[in-house]
Amino acid sequence: MTTAPALQEIDAETQIFTPPYVAKYLAQNSIGRIWLHSRPHSGLRDRLGWLVDSPSPDGLVTVDSPEEIRVLDPACGTGNLLVAAFDVLYQIYVDAGYKPAEIPALILEHNIFGVDIDSAATDAARAILVAKAHQKNSHFFRCGVRPNVRAVGEDDHPDGGLFGMLIRELDQSKYHVILANPPYMGSKHFTPKMREFAKTNYPDSARDLCSMFIERGHEMLCDGGLIAMVTMDTWMVLSSFEDMRRRLLDCATIITMAHLGRGVFGAGAVISATAFVQAAVKADGYKGVYFRLVDSREKERDLHLSVLSTRGGALK
């Protein structure tokens with residue numbers, strides 16, 4: 001991966017791999033929810049096995065067509081979450097009546113965007129997405145469409161190789177969904193330059209990198225858009241993040257959260273993680289759906305059973 005000294009401290013557990021069940025939970029409850037909120041009578045609900053059955057908050061963004069949905073992973077790595085996004089979007093296009101052969105190119109052209117500071121990872125992500133598109137349409141290569149996945153470096157900005165999409169000047173676009181497993185690194189491993197950048201730009205979340213990505217994600221959302229992330233749970237519990245929590249409660253609404261604890265990234269992993277979907281709307285009185293699975297030894301099974309319990313115990 002990168003050779004920058006501080007970035008070597010980013011937990012290797014999260015640099016490459018987001019478990020498929022976590023990716024499905026996040027993608028279906030963000031991208032899928034937007035489509036179902038836009039088309040309440042859609043049949044998509046029955047094809048999303050990780051979708052929590054709960055009302056959407058007032059003010060959630062709506063779209064008129066699948067091409068409008070813009071999904072960004074600002075720390076995409078090798079693209080695990082983008083693949084999950086592709087799967088949900090494919091079902092949305094089918095639900096909207098598009099021809100299967102034309103869908104893969106439309107997804108890669110209009111819907112999915114990825115960025116990372118590691119060019120080797122973004123090369124892999126592009127290859128994986130192209131292979132995914134080719135699985136759906138064996139003639140995909142003829143269309144000439146390539147994934148909107150790129151590496152950010154010093155050519156884009158002097159600090160691009162250190163801070164990536166945390167630099168506001170690098171991308172001022174707006175997205176419907178920010179879907180991410182951001183890098184995990186505590187501030188004690190920051191270089192002096194990174195520490196100063198964090199305190200200046202993200203004072204409420206400057207204690208760790210992934211919390212800064214939560215704040216940055218909200219800045220990149222369109223009105224009523226959704227943050228869908230798996231992060232360390234430090235921002236939920238530590239007193240040093242109290243101002244960040246208050247600010248999020250003032251401008252965002254949690255739709256669903258799975259507090260997964262340790263073991264998400266493997267049996268020996270020490271990171272305590274949480275996966276959540278937040279809407280960029282303030283919905284007073286809205287009650288999200290929460291799952292506490294910190295003590296579970298079968299997190300995939302237990303999360304799926306918990307999700308299914310919101311739907312009467314089985315797919316409808």
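Does C76 count as buried or exposed, and at what relative accessibility?

Modeller: C76 counts as buried, because its relative accessibility is 5%, where buried means under 20% relative accessible area, exposed over 50% and partly exposed in between (1.4 Å probe, protein chains only). The model is a predicted one, in which local features need pLDDT of at least 70 and side-chain atom pairs count only at pLDDT 80 or more, while totals for chains, interfaces and linings use all residues. Residues are numbered from 1 along each chain as its sequence is written, and side-chain values use heavy atoms, with hydrogens and water left out.

With a disulfide taken as a pair of cysteine sulfur atoms within 2.5 Å, the count comes to 0 disulfides. C76 is accordingly in no disulfide, and the nearest cysteine sulfur, that of C210, is 17 Å away. C143 is too far for a bond as well, because its sulfur lies 20 Å from the closest cysteine sulfur, which belongs to C76. Whereas C76 is buried, C143 is partly exposed, with a relative accessible area of 39%.

The fold around C76 may be described next. The protein has 11 helices and 8 strands; these are DSSP runs numbered from the N terminus, helices being H or I of at least four residues and strands E of at least two. Along the principal axes, the C-alpha atoms fill a box of roughly 55 × 45 × 35 Å. Of the 316 residues, 56% are buried. Contact means heavy atoms within 4.5 Å, and among contacts with a separation of 6 or more, 73% join residues 24 or more positions apart.

The accessible surface comes to about 13,500 Å², and carbon and sulfur atoms contribute 50% of this area, as computed by the Shrake-Rupley method with a 1.4 Å probe. There are 33 positive and 38 negative side chains, and the centres of the two sets lie 4 Å apart. Lys and Arg count as positive and Asp and Glu as negative, without His or the chain ends, and each charge is placed at NZ of Lys, CZ of Arg, CG of Asp or CD of Glu.

Helix α11, residues 299-309, illustrates the packing of buried residues. Its buried positions are K299, D302, L303, S306, V307 and L308. They pack against helix α2 (20-38) and against strands β6 (253-261) and β8 (289-292). In general, an α-helix has 3.6 residues a turn, so residues three or four places apart point the same way.

Several individual residues complete the picture. R39 lies in the loop between α2 and β1 (71-73) and counts as partly exposed, at 33% relative accessibility. Apart from neighbours within four places in sequence, R39 is in contact with D64, D95 and A96. From M257, 218 residues away in sequence, R39 is separated by 24 Å, C-alpha to C-alpha.

L170 belongs to the loop between α6 (160-163) and β4 (175-180), yet counts as buried, at 14% relative accessibility. Leaving out residues up to four places away in sequence, L170 touches R150, V152, D156, H157 and G164. One of these contacts, D156, is 14 residues from L170 along the chain, with 7.2 Å between the C-alpha atoms.

E109, in helix α4 (residues 103-111), is partly exposed, with a relative accessible area of 45%. Residues up to four places away being set aside, E109 touches V145 and N148. The C-alpha atoms of E109 and L48, 61 residues apart along the chain, are 23 Å apart. V270, in the loop between β6 and β7 (273-279), counts as exposed, at 53% relative accessibility. Between the C-alpha atoms of V270 and L209 there are 17 Å, for a sequence separation of 61 residues.
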